[in-house]
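Please take a moment with the sequence and the structure, and then I will walk through the sheets and the contact between the chains.

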Amino acid sequence: MTTGAKPKPAARGVAACLAAAALCAAAALLAIRTGTIAVAWGDLLRGLFVEYDPAVAAIYDLRFPRILVALLAGAEISVSGLLLQAALRNPLADPGIIGVSGGAALVAAAVAAFFPALYFSVPLLAFAGGMLAFLLIYALSWKGGLDPVRIVLVGVAASAAFAGLSSAIAGAGGGTGVSLSVSGLSQRTWGDVRLLAAYAAAGLVPAFCLPPACNLMALEDDAVRGLGVSANALRAAISAVAVLLVSSATAVVGVVGFLALIVPHAARRLVGSDHRVLTPFAAILGALVLLVADTVGRRVAAPYEVPASVVMSVAGGPFFIFLLRRGDRVGR
Amino acid sequence: MAAEGIMDGAITSPRVAPAVAPAIALAIAPAVAPAVAPRVAPAESQAGCAAGASGAAGGAAAEHGGAADGAIAAENLCFAYGGGAPVLSGVSCRIAPGAVTALMGANACGKTTLMRLMTKGLRPDSGRVLLGGRDIAGIGLRDFARRAAIVHQKNTAPDDLSVKRLVGYGRIPHAPPFSPPSKRDGERVAWAMSATGVSDIADRPMGALSGGQRQRAFIAMALAQETKLLFLDEPTAYLDVRYQVEILRLIRELNRSHGITIVKVLHDINQALAYSDEVIGLRGGRVLVQGPPRGVIDSRAIQELFRIRLEVKTDGRHMWVLPV
């Protein structure tokens, strides 16, 4: 079972990333055509680049931002999960499970309810919330070391508390008719895209510089220290980037379960555990998965929409069990 | 070997020629052993261990001068985990440069703790560890990693990581962060792999190795750090007997051929006796005996160290304990 895993040459990693990117582009094209407004390719191109067409304008204002937000958030959330799994050396370290997303969502909800004027700072404040949640959970789980089971247990308890508080705020804020804890990609605007793109760049650029650190974290803390590197410093740096990524995504699209857990595991199966390949691949795969989930959600029960997070949970749960049943030792 | 004389003066001259050291030990043993009591009363051991025992440590240590750069010594170390009962209460000892030293003792006697204190893995409550005359508390982690390498008991690596890349991690203390490997890095990695006999499996993934091969790969990573001092915590744990002996022979070979000073924690009394120039026996957080095995180990010493009466046999060349 382990002997089959040959070290992967870099060329294979690049090929895998290109293939995933091509799939991503194809999915985006399909998503553009999916929906209640039907427009032929020719009309679409003409409407975009040549002359005004109200149907195309609606697509440009509604579907394009939605697709871009899905791609950005999917990449952010997946890479965040990958980084947390590496930093905590824990295959279950999903920011949703361990409560980071919950903390970020709580702060985002509170800000949106009580200080709506701070709209553009919401991701930053959500980052503060996510970071606080992370430190809290980290501190509560620390007992001479970081037990993987303990951090998951503490995280589950903390995220339940955060989710409860978020609902309470949503109730108290009331009257707006928009649920603040909504997790979904509907009604996204170009403003959301610009906002998310800025934060995604701030998070993904450092994330793409972290692979050597993530690779090193696969050794034991003692071994890392023996090489003259502080494992705790690495862990702090990697975690901070992970929390920034997931917090900004959560601030815009809400909590999306499973994505951060499944995509890194699936990516690891496909391209191996070298983060130099794994990080970009997980980003592209995450973007693809969230976009597909959202597009399926728009399509499957049209004209009603099934939120992407629901599609993720429904399809992701069984897929994750399938991964576990394959009996591999991913993340170990 | 080219391995010598590389580092910034952190080098003692190479150890005494292989054949000589055991001879010294043999020569001293009959004369000294009965005279120098192996058992030192705890109170005396604090002061006595550094001075008294290094006398017995034989010519090798004395020749190189006590404060030789690269020599490591503990001074009156005290340590307790998180305010619990003390694990070490006043441990002083000096590691003979150029020798193979085994830390031995019963479970929970503090041998692994002592090793962790000597390698910056833990901070002592009081006392200090001197490396080349400098307190290691004042030596940065990275700097320390260029002077001493450690192979821990528990090691993990991704299954699909190649042996060569794992060994390459050993160059991290020498390289500017995240820079591509230099020519020298490549040479040292190749040397470390050949010294540990893993060159042939350089491209194999770690997940495909046997227990013995894995352990040798981790030792190679430590060797790539290019240090004169190598610590090993239970290097034979989890291995079956063939690999145990293989690893112990490898460790001795690294010492003999490349002049690397070795400190290892060993559980097995006989392995400690057979593959070490020096033993340091701990009990209850104190140094009970220190010196060449033949000088300090007899059945009374074993009884005091392990609290069990066992026969100690010896013939012309070997010494062993019957653990039954």
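Predicted model: local features only at pLDDT ≥ 70, side-chain atom pairs only at ≥ 80, totals over all residues.

Let me begin in chain B, with an open sheet of four strands whose order is S2-S1-S4-S5 and whose pairing is antiparallel; here strands, of at least two residues (E), and helices, of at least four (H or I), are DSSP runs numbered from the N terminus, and two strands pair if DSSP finds at least two bridges between them. Strand S2 (86-94) and strand S5 (134-135) of chain B stand at the edges with a single partner strand each, so one side of each has no neighbour in the sheet.

Residues are numbered from 1 along each chain as its sequence is written, chains are lettered from A and ligands numbered from 1 in the order in which they are written, and side-chain values use heavy atoms, with hydrogens and water left out.

Strand S1 (residues 72-80) of chain B pairs with S2(B) in the antiparallel sense over six bridges, and within that pairing B:Cys78 stands opposite B:Ser89, while B:Ala80 stands opposite B:Pro86. The hairpin of these two strands has five residues between them, and there B:Gly82 takes a positive phi near 45 degrees. S1(B) also pairs with S4(B), antiparallel and over five bridges, where B:Cys78 has B:Ser126 as its bridge partner and B:Ala74 has B:Val129.

Moving on along the sheet, S4(B) and S5(B) run antiparallel and are joined by two bridges, with B:Leu131 partnered by B:Arg134. Their hairpin has two residues between the strands, and B:Gly132 in it takes a positive phi near 55 degrees.

Which helix lies across S1, S2 and strand S4 (126-131) of chain B? That is helix H4 (residues 111-118) of chain B, which runs at about 120 degrees to S1(B); axes are lines fitted to C-alpha atoms, for helices over the stretch in contact, and angles run from 0 to 180 degrees between N-to-C directions.

Chain B also has an open sheet of six strands, in the order S6-S7-S8-S3-S9-S10 and with mixed pairing. At the edges stand strand S6 (148-151) and strand S10 (286-291) of chain B, each with a single partner strand, so one side of each is left without a neighbour in the sheet. The twist averages 15 degrees from one strand to the next. Strand S9 (residues 278-283) of chain B runs antiparallel to S10(B), with five bridges joining them, and B:Ile280 has B:Gln290 as its bridge partner in S10(B).

Finally, the contact between the chains, where contact means heavy atoms within 4.5 Å, takes 29 residues from chain B and 24 residues from chain A. The two chains bury about 2,200 Å² between them, 59% of it on carbon and sulfur atoms, buried area being the accessible area (1.4 Å probe) that two parts lose on being put together, summed over both. There are three salt bridges between chain B and chain A, each a side-chain nitrogen of Lys or Arg within 4 Å of a carboxyl oxygen of Asp or Glu. A:Asp222 forms a salt bridge with B:Arg116, and the closest N and O atoms are 2.9 Å apart.
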